[in-house]
Amino acid sequence: MPRKVPPAGESRLALVRRARRINRILAETYPDAHCELDFGSPLELLVATILSAQCTDKRVNMVTPVLFAKYRMAGDYAAADREELEGIIKTTGFYRAKANSIIGMAQALCERHGGEVPGKLADLVDLPGVGRKTANVVLGNAFGVPGITVDTHFQRLARRFGWTAETDPVKIEHEIGGLVPKSEWTMLSHRLIWHGRRICHARRPACGACPVATLCPSYGTGPTDPAEAAKLVKPGPFS
C-alpha cells in the first residue's frame, strides 16, 4: 500500500524533487497529452478557449466546426451578426457573454494587431474576454511559448500534491512555475489536466489506480483498493 507523503516540514529541495518526479511519471503515463480543443490556428484556439469557460471541451468541439467554417478571420467575428453568432454557440452556455467576448476580442485584434493574434502575454490579456488562463493556453499550444494553464483540474491537483496552498490562480501559476523547468510548463499543464479528468477526480479520486500515489500527500482521499479504484478511471477523449 502506498504511504502518504506529508508535506509538513518538507524542504524546498525535497518539494522540487518530488514535483519533478511526479511530472516525469505523468509524462510516462500520458505520453500523448495535449490540448483537447480542436483548432487549426491561433485565432481558432483563442475562440475555442473562450467558449470552453464553464463548458466541456467535447461540447466546444461539437460547435466549432460550424463556427470556424463561417468565421475565418478576426474581421469576420468583429462584423458578426450577434444573434447569428449566439445561435451557433448557444449550447456552450453563457452564450451572450461569450458572444460579447468574441466580438470584442476580434474588434480589438483588428484595431490593435492587424487582425492577427499576438504572441505575447501582455497583449493577449489586454484583449476583451481574455484572462491569463486563456492567454497561456494560446501561447503554449499555438505559439510554443511555455505557459501554465491554471484551470480547475490544475488547481485541485496542485493542492492535493502539496505543491501549493494558494487559491489564487496567478499565485498558483507563479508557485508551480518555480518547481519545474520553464520548458515543461505547457506539458505539465496538459498532464495535470489529463490526470484530473481521468483519475484524480474532484469527488472520488481513484487513489488505488494512481501512478503517483506514493508521492501524493492526499493519498486516501478516494478508494485505495485497486479494483474499486479502477472502476473510477475514465478513459479519454475528454471534455
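**Pockets, cavity and cores**

Analyst: Helix α11 supplies the largest share of the lining of the largest pocket, 4 residues. Helices (H or I, at least four residues) and strands (E, at least two) are DSSP runs, numbered from the N terminus. A pocket, on a 1 Å grid over the protein atoms alone, is an open set of points with protein on both sides within 12 Å along at least five of seven lines, a cavity is a set of points where a 1.4 Å probe fits but cannot get out, and lining residues have an atom within 4 Å of a point. This is a predicted model, in which local features need pLDDT of at least 70 and side-chain atom pairs count only at pLDDT 80 or more, while totals for chains, interfaces and linings use all residues. Residues are numbered from 1 along each chain as its sequence is written, and side-chain values use heavy atoms, with hydrogens and water left out.

User: How much space lies in that largest pocket?
Analyst: About 530 Å³. Grid points are joined across faces, edges and corners, and a volume is the space filled by probe spheres set on the points.

User: Switching topic. How many cavities of 30 Å³ or more does the structure hold?
Analyst: It holds 1. The largest cavity has a volume of about 90 Å³. Of its 13 lining residues, C200, P205, C207, C210 and C216 lie nearest its centre. The lining divides into 10 nonpolar, 2 polar and 1 charged.

User: Which residues does UniProt list for "binding site"?
Analyst: The unreviewed UniProt entry lists C200, C207, C210 and C216. They are spread over 17 residues of sequence but cluster in space, with a largest C-alpha distance of 11.0 Å. The lining of the largest cavity includes C200, C207, C210 and C216. UniProt positions are given in the numbering used here, feature names are shortened, and annotations may be inferred rather than shown by experiment.

User: Where does C200 lie?
Analyst: C200 is in the loop between α11 (185–198) and α12 (226–230). C210 is found in the loop between α11 and α12.

User: Is C200 buried or exposed?
Analyst: C200 has a relative accessible area of 8%, so it counts as buried. Buried means under 20% relative accessible area, exposed over 50%, and partly exposed in between (1.4 Å probe, protein chains only). C210 is buried with 19%.

User: What is C210 in contact with?
Analyst: Leaving aside neighbours within four places in sequence, C210 is in contact with H195 and I199. Contact means heavy atoms within 4.5 Å. H195 is in helix α11 and, at 0% relative accessibility, counts as buried. Not counting residues up to four places away in sequence, H195 touches L26, Y30, L157, F161, C200, C210, P211 and V212.

User: Now the inside. Why is α2 largely enclosed by the rest of the structure?
Analyst: Because 8 of the 10 residues of α2 are buried. What covers them includes α3 (57–70), α4 (74–78), α5 (82–89), α6 and α8.

User: How many residues has the largest nonpolar core?
Analyst: It has 37, and those with the most contacts inside it are L46, V47, L67, Y77, L85 and M105. A nonpolar core is a set of buried Ala, Val, Leu, Ile, Met, Phe, Trp, Tyr and Cys residues joined through side-chain atoms within 4.5 Å. The largest share of this core, 8 residues, comes from α6. Apart from it lies another core, of 34 residues, among them I22, F161, W194 and V212.

Terms used:
Nonpolar A, V, L, I, M, F, W, Y, C, P; charged D, E, K, R; others polar.
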